[in-house]
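This briefing covers a helix, some backbone features and the salt bridges of one structure. Please keep the sequence and the 3D view open while reading.

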Amino acid sequence: MAEDTTVEAGPERLASTLLEKGALTADWLPAFHAVPRHLFVPEMIWPGRAGMNRQDDRVVRSQSPDLWWEAVYSDAPITTQWDDGAYTGPGRGRTPTSSSSMPTMVFSMLADLDVRPGDRVLEIGTGTGWNAALLCHRLGDGRVVTVEVDEGVAGQARARLSAAGFSPRVVVGDGAEGYGEGAPYDRIIATCSVGHVPAQWLGQARPGAVVVAPWGPVYGGEGIVRLTVRDDGSASGKFTGSSAFMRLREQRRKLPAASEYHRGREWPAGGAESTTTLSPDDMGDWVHMFAIGVQVPDLFCRVVHGPGGSYRLWLHDTGLTSWATADHERGRTEFRTVQAGPRRLWHELESAWRWWYRQGQPGFARFGLTVDGHRHTVWLDSPDNPVPDFTGATTP
């Protein structure tokens, strides 16, 4: 009989997975073992699936202990709160608002942070407290400050940290404000995404400090950026990979409804019709959305699905001036577009996509970001090569 070599779900199996992926490195391995994830995961969870923005149905530890344990020690994110705590039922709420991040992402970001003995760290987004505990193990409780906007989430994290033997400073407040009383910091890490890096973070950082944060444009797509703070208070650095985090509450997107553009008129509502050979399916990857979004900063999209895998991609500008649609049907090589308003949003999108294609279809690692005061400049390969701005482009 062949020997059963199956390894049950648990810390050892997860450690092996993370080591094989290169996310967990030797310097973080002692912290991983000393700070087990299950101590920082609540009774009620909605397990995620790695690489997908979706969550399985609710799992309650007391009802399904094996499923709960399997979820905790899988390399996948876990939603721990929906709709700022308003939804706690089975199934899923509308918007996930707190989570335990995917372990690969946790340790990849900690590797980017590159903490050194004696560093003071500011964490934005305490969540369950696991990330703060890992930092405390490396640096000591007194060198870690973590900020959480949700008072209930902060209280639960504080209790878990204390039960595990850690006592960082847990602050209830707006993460966009940082925590000036603990400044200056050598490292700042955000476990929520931003569309602009708050000036307070840079103002609370020492020259030479590192800021690691998920950053993404309005259109979609998001990556982890690693910034180094300069003597003049600006910061610059490259993206290290893709990410998908919940937005910093102060920066949550509040996008206009489609009805505000059409004002009761039925599609195509007098829009200019044409065709394109660029399929909406060829620009739906995360890096496509990022590349488009950084070149047309006020563009956003919605998708309406139809029969047989067909769908309509809707484009809008945040200024409520223009809209466009592109219809996708399987097997077609030309696709119908409609554009309305003073801008031709499909042409702007197509210009941005074609620029990305001509540059060799760069991934996140070729992009970088410079933050100078309130101005954010995304660049390709080098800070002296900013991405173009196709806002207002009239031809693809």
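A salt bridge here is a side-chain nitrogen of Lys or Arg within 4 Å of a carboxyl oxygen of Asp or Glu. By that criterion, the whole structure holds 17 salt bridges. The model is predicted: local features need pLDDT of at least 70, side-chain atom pairs count only at pLDDT 80 or more, and totals for chains, interfaces and linings use all residues. Residues are numbered from 1 along each chain as its sequence is written, and side-chain values use heavy atoms, with hydrogens and water left out. Helices (H or I, at least four residues) and strands (E, at least two) are DSSP runs, numbered from the N terminus.

**Salt bridges**

- Asp84 and Arg249 form a salt bridge through their side chains, at 3.0 Å from N to O. Asp84 sits in the loop between β4 and β5 and Arg249 in the loop between β12 (235-242) and α8, so this pair ties together parts that are 165 residues apart in sequence.
- Arg249 is partly exposed at 30% relative accessibility, where buried means under 20% relative accessible area, exposed over 50%, and partly exposed in between (1.4 Å probe, protein chains only).
- A salt bridge also joins the side chains of Asp150 and Arg249, at 3.6 Å from N to O. Asp150 belongs to the loop between β7 and α6 and Arg249 to the loop between β12 and α8, so the pair connects parts 99 residues apart in sequence.
- Asp150 is buried, with a relative accessible area of 11%.
- A network of salt bridges links Asp84, Asp150, Arg249 and Arg252.
- In helix α10, Glu350 and Arg354 lie 4 residues apart, about one turn of the helix, and their side chains meet in a salt bridge at 2.8 Å, N to O. Glu350 is buried at 6% relative accessible area, whereas Arg354 is partly exposed at 27%.

**Helix α6**

- Helix α6 (residues 151-163) has 13 residues and reaches 18 Å from its first C-alpha to its last, close to the 18 Å expected at 1.5 Å a residue; the expected span is 1.5 Å times one less than the number of residues.
- Its buried residues are Val153, Ala154, Ala157, Arg160 and Leu161. Viewed down the axis of α6, the buried residues fall within an arc of 130°, so they line one face of the helix; the arc is that of the directions from the helix axis to the C-beta atoms.
- Glu151, Ser162 and Ala163 are exposed on the other side of α6.
- The buried residues of α6 pack against β4 (78-82), β5 (96-100), α5 (130-139), β7 (144-148) and β8 (169-172), with contact meaning heavy atoms within 4.5 Å.
- At the start of α6, a side-chain oxygen of Asp150 comes to within 2.9 Å of the backbone nitrogen of Gly152.
- Gly165, which follows α6, has a positive phi near 95°.

**Backbone exceptions**

- Most residues other than glycine have a negative phi, and most peptide bonds are trans.
- Asp84 is not a glycine, yet its phi is positive, about 55°. Asp84 is partly exposed, with a relative accessible area of 34%.
- Gln361, also not a glycine, has a positive phi of about 55°. Gln361 is found in the loop between α10 (345-358) and β18 (367-372) and is partly exposed at 42% relative accessibility.
- The peptide bond joining Ala183 and Pro184 is cis, with omega about 5°; Pro184 is in the loop between β8 and β9 (185-190).
- Trp267 and Pro268 are joined by a cis peptide bond with omega near 10°, and Pro268 is in the loop between α8 (259-262) and β13 (272-276).

Notes: A polar contact is a pair of N or O atoms within 3.5 Å; within protein, one must be able to donate a hydrogen and the other to accept it, and residues adjacent in sequence count only if both atoms are side-chain atoms.
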